[in-house]
Amino acid sequence: MTDIPVDPNEVRLTINGHEVVSTKGEMVIAAAARAGDYIPHFCYHPRMEPVGMCRMCMVDIDGGRGPMLQPACMVPVAPGMKVDTESPGAKRAQEGIIELLLANHPLDCPVCDKGGECPLQDQTFSHGPGESRYVEEKRHYEKPIAISDLVFLDRERCILCDRCTRFADEVAGDALIHFNSRGNDTHITTFPDEPFSSYFSGNTVQICPVGALTATPYRFKARPWDLAQQESTCTTCSVGCRTVVQSSRDELLRYMGVDSDPVNHGWLCDRGRFNFESVKSPDRVLQPLIHDGTEFVPATWSAAITEVAVQLRAARAAGGVNSIAVLGGARGTNEDAYLWSRLAHEVIGTPNVYPQMGDGLPADVLLLDRATIDQAATASTIVLLAPDLKEELPVLYLRLRAAAEKRRSRIIEFTPKHTGLSRYAWRTIGYEPGTQQSVVEKALADPEIAAQIAKGDVVVVAGRANLAETTVATVAALRSVLAAAPGSRVLPAFRRGNVVGALQVGMRPGEGGLDTRSVLQAAADGKIECLVLLGADPLADFPDTDLARRALAGARRIIAIDTFLTQSTQLASVVLAASAYAEKSGTTTNLEGRVTTVAQQVSPAGNTRPDWMIAAELAMELGSDLGYDTIDNVTDDIAWHVPGYEGITAAAIAAATDGIVAGAPTGIAPLAPIANPIGERNSYDFRLVVSRTMYDEAVGTATSPSLAHLATPSMVHLHPLDLGRVGTTEGAAVKVIGSRATVVLHVVADDSVLRGTVWVPFRHSGANVGDLIDCTAAVNDVRIENI
């Protein structure tokens with residue numbers, strides 16, 4: 001008989017009289033929670049280091065020398081340990097802690113936003129003494145204090161649990177909130193004249209165990225018992241954070257993070273947390289619109305669908321199926337993209353379909369051995385050939401920052417501008433746009449870097465770091481890394497919400513089809529009879545604004561399916577009103593290929609419809625019945641017909657708490673290596689770097705009142721040592737002269753910008769940097785002159 005091997009990390013202990021199997025290093029409070037024995041606590045959080053601040057988790061622990069009261073969050077499990085969470089001593093200690101906390105805590109539960117979901121309120125009833133012996137006047141502070149644009153602080157309610165300060169320091173890396181003073185005067189505050197301007201400040205509100213921190217968009221809006229809720233997935237970016245969507249009286253009121261172990265650990269960025277306001281914006285398109293030659297006129301769905309069908313038939317008759325193009329699809333669900341791909345390829349017959357707006361890498365990157373977020377966060381080496389993750393994929397930034405901080409991984413960063421991860425990187429290597437491949441190959445020849453690459457698993461995070469250059473140099477650099485580190489995996493840092501899902505379920509060019517840049521060029525040349533914009537806004541999102549402008553002027557017919565009247569949809573002849581996030585259900589696919597659910601929590605606004613339903617009705621009008629009655633029918637059909645999605649049915653995905661990772665896609669043609677000739681930069685010129693920031697004029701941000709004012713005006717950022725070379729000073733207005741246009745911007749001295757380059761954020765108010773970008777040029781150089 002073979003003995004069953006014993007796990008060397010296994011630890012057996014007794015909690016409240018029954019045996020519990022744990023692992024080395026696990027704290028008693030976590031082991032008890034897994035065993036179903038709740039230990040009250042305030043400061044402990046499973047995603048942060050324990051500090052034992054509140055002492056509420058005092059329990060009797062016998063480690064062999066007799067039982068002693070000890071904080072369960074600070075004591076690791078040990079073999080033979082005996083824990084009693086309900087001993088008289090533990091109960092007296094917990095009652096005493098509650099009484100002390102309530103000595104100065106205001107009894108304002110009826111007006112406190114935390115009332116009904118407050119751990120202090122709950123534990124006062126379950127573990128408190130029942131009455132207080134304190135009759136003295138409570139401590140008073142000025143309140144509330146706006147410590148940022150999104151968060152208010154009530155110091156009277158604070159119980160000094162240290163959760164918010166630890167999150168800001170340990171998790172976000174933005175130690176902008178801290179303890180001040182000592183003893184009875186200790187309180188939470190921010191640094192003088194420096195607000196709590198973290199991209200992740202909303203998480204401190206969610207984890208605060210009392211009502212000390214409240215979010216401005218939710219203050220005094222509802223009580224927990226008024227809220228209906230469902231789990232869903234955030235589609236603000238492609239990370240795919242799990243959320244709870246909450247509403248009251250059919251109105252969205254709040255998003256909360258859900259602890260999905262493979263993805264977001266419960267954290268959300270502030271843009272993803274607070275942009276629910278855009279769903280209920282008064283500027284939404286609430287019904288179909290038909291342009292009568294002078295203005296948009298409201299129309300019935302029947303009339304609008306008929307008009308679109310007429311225009312598509314006319315376009316097909318005038319220029320054939322190749323004269324029709326569909327751009328977009330990353331805004332919606334997998335089901336939306338799947339039906340629109342079927343409509344475009346099978347019903348209309350056009351091969352010109354693409355969801356990216358010239359701001360990602362080629363689709364063939366998805367054919368590479370793909371890493372999951374967990375694999376990236378546990379790899380020995382993480383190679384970054386990507387945009388600033390803190391700005392564009394914020395929660396992925398948190399995961400990789402944690403990997404570096406906890407010494408699990410070493411980050412080797414290649415970047416044209418220092419990013420949020422630069423200070424955590426083992427090596428940060430700057431490059432001038434267009435020189436990525438040579439810089440990467442030189443770095444990989446360094447013995448230290450080569451030795452680090454050879455130590456273990458390597459994950460390459462690859463994305464578009466600069467919108468003012470083509471993807472050729474980045475793809476060439478990626479190939480060099482993969483050649484030097486065989487067996488390494490790639491995590492594609494595509495930024496748009498469901499762009500990976502759209503590409504994988506069919507929103508990609510057919511044989512001989514065109515991508516976005518080629519479609520726009522064809523439209524500018526007068527070769528596109530009908531351009532369909534599926535949640536796409538080329539005038540705002542495509543880097544080369546001049547090409548986008550000429551394309552929309554050259555397209556003879558424009559059909560838009562959108563939630564708002566954007567710059568591009570205002571040029572359409574027909575606008576079909578689409579339902580927004582939380583108004584429709586379905587699934588989405590994040591950047592690692594993980595398929596998760598998207599929930600419908602509120603009724604569609606006005607007379608809007610989901611994108612998939614619009615596609616199905618339009619197909620019917622064109623003479624083809626796609627055969628779907630419900631969203632689950634579409635999900636199941638994807639599982640049946642799309643390679644990689646086998647078995648990911650509606651029932652399977654509903655039962656999978658953390659979603660299901662789809663397999664590799666097929667039907668995407670591998671991209672052949674392309675030569676990357678780049679001329680020498682004139683010594684008077686600067687190489688242009690353009691990238692996105694967290695807060696810009698994106699529709700979801702601009703139409704959310706709590707976020708809209710956080711976007712800064714467009715400015716040109718130079719290295720401080722380059723100011724003298726230009727002969728300018730910080731704050732001065734200068735002319736930025738490109739090959740096709742000149743814009744006027746104010747100067748910012750910025751140490752994160754490399755010498756010889758300038759950085760301008762994309763899609764900010766003021767002068768449009770897109771006017772300077774030629775998307776056909778390998779790189780874009782500009783000259784700076786004083787006015």
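This is a predicted model: local features need pLDDT of at least 70, side-chain atom pairs count only at pLDDT 80 or more; totals for chains, interfaces and linings use all residues.
Q: Is cysteine 112 buried or exposed?
A: Buried, with a relative accessible area of 7%.

Q: And what about cysteine 158, how far is the closest cysteine sulfur?
A: That sulfur sits in cysteine 164, at 6.3 Å. Again, this is too far for a bond. Cysteine 158 counts as buried too, at 16% relative accessibility.

Q: Switching to sheets. What is the strand order in the open sheet with S23 and S24?
A: The order is S15-S14-S25-S24-S23-S16-S17. That makes seven strands, with mixed pairing.

Q: Which strands are at the edges?
A: Strand S15 (296-298) and strand S17 (352-354). Each pairs on one side only.

Q: How much are neighbouring strands turned against each other?
A: By 15° on average, direction ignored.

Q: Zoom in on S23 and S24. Do they run parallel or antiparallel?
A: Parallel. Five bridges join S23 (residues 530-534) to S24 (residues 557-562).

Q: What stands opposite valine 532?
A: Isoleucine 559, in S24.

Q: Now helix H3. Which of its residues are buried?
A: In H3 (residues 119-127), the buried ones are Leu120, Gln121 and Gln123.

Q: What covers them?
A: The cover includes helix H2 (88-101).

Terms used: Residues are numbered from 1 along each chain as its sequence is written. Side-chain values use heavy atoms; hydrogens and water are left out. Two strands pair if DSSP finds at least two bridges between them. Helices (H or I, at least four residues) and strands (E, at least two) are DSSP runs, numbered from the N terminus. Axes are lines fitted to C-alpha atoms, for helices over the stretch in contact, and angles run from 0 to 180 degrees between N-to-C directions. Buried means under 20% relative accessible area, exposed over 50%, partly exposed in between (1.4 Å probe, protein chains only). Contact means heavy atoms within 4.5 Å. A disulfide is a pair of cysteine sulfur atoms within 2.5 Å.
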